[in-house]
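Subject: Structure handover

Hello,

The structure you asked about is below, followed by notes on what was found in it.

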Amino acid sequence: MTEYGLFNELDRTEGCFEAGMYTREEADARRLEYIAEGEDPEDIVVAELCPEHEGQAKNGCEGCDTEHPEPTLEDYSTAARHIENLMPGRWRRS
Ligand SMILES: [Zn+2]
């Protein structure tokens, strides 16, 4: 089942501030309630939630992004060791 959440467009790092809506209509209606309470319509966006990571939009989910992380220093040294094994001595600094 697709879950929808409300996000603060200006600061997506805050993540989802309201979830638990399971139709687009329900989420849109909730958004309109916030707007009626004085929230800026441009600040609030409805987004599909990632099915695997709570409080994350499906598009641009930080949890899913970490499955393809930026290489770390450790990754580089692992790669360097791998190259070292393939071509001994070639990459060694004297
Ligand atoms: Zn995710």
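A search of the whole structure finds four salt bridges (a side-chain nitrogen of Lys or Arg within 4 Å of a carboxyl oxygen of Asp or Glu). This is a predicted model, in which local features need pLDDT of at least 70 and side-chain atom pairs count only at pLDDT 80 or more, while totals for chains, interfaces and linings use all residues. Residues are numbered from 1 along each chain as its sequence is written, and side-chain values use heavy atoms, with hydrogens and water left out.

One of the salt bridges joins Glu-18 and Arg-30 (2.6 Å, N to O). Glu-18 lies in strand S2 (residues 16–21) and Arg-30 in helix H1 (residues 24–36), so the pair ties together parts twelve residues apart in sequence. Helices (H or I, at least four residues) and strands (E, at least two) are DSSP runs, numbered from the N terminus.

The zinc ion is coordinated by Cys-50 (SG), His-53 (ND1), Cys-61 (SG) and Cys-64 (SG), at 2.0 to 2.4 Å. Donors are N, O and S atoms within 2.8 Å of the metal (3.2 Å for Na, K and Ca); water is not among the atoms, so sites may look incomplete. The donor angles are 103 to 113°, which makes the arrangement tetrahedral (four donors, all angles between 85 and 135 degrees).

Regards

Key. Four donors count as tetrahedral if all angles lie between 85 and 135 degrees; four count as square planar and six as octahedral if opposite donors are over 155 degrees apart and all others between 65 and 115; anything else is irregular.
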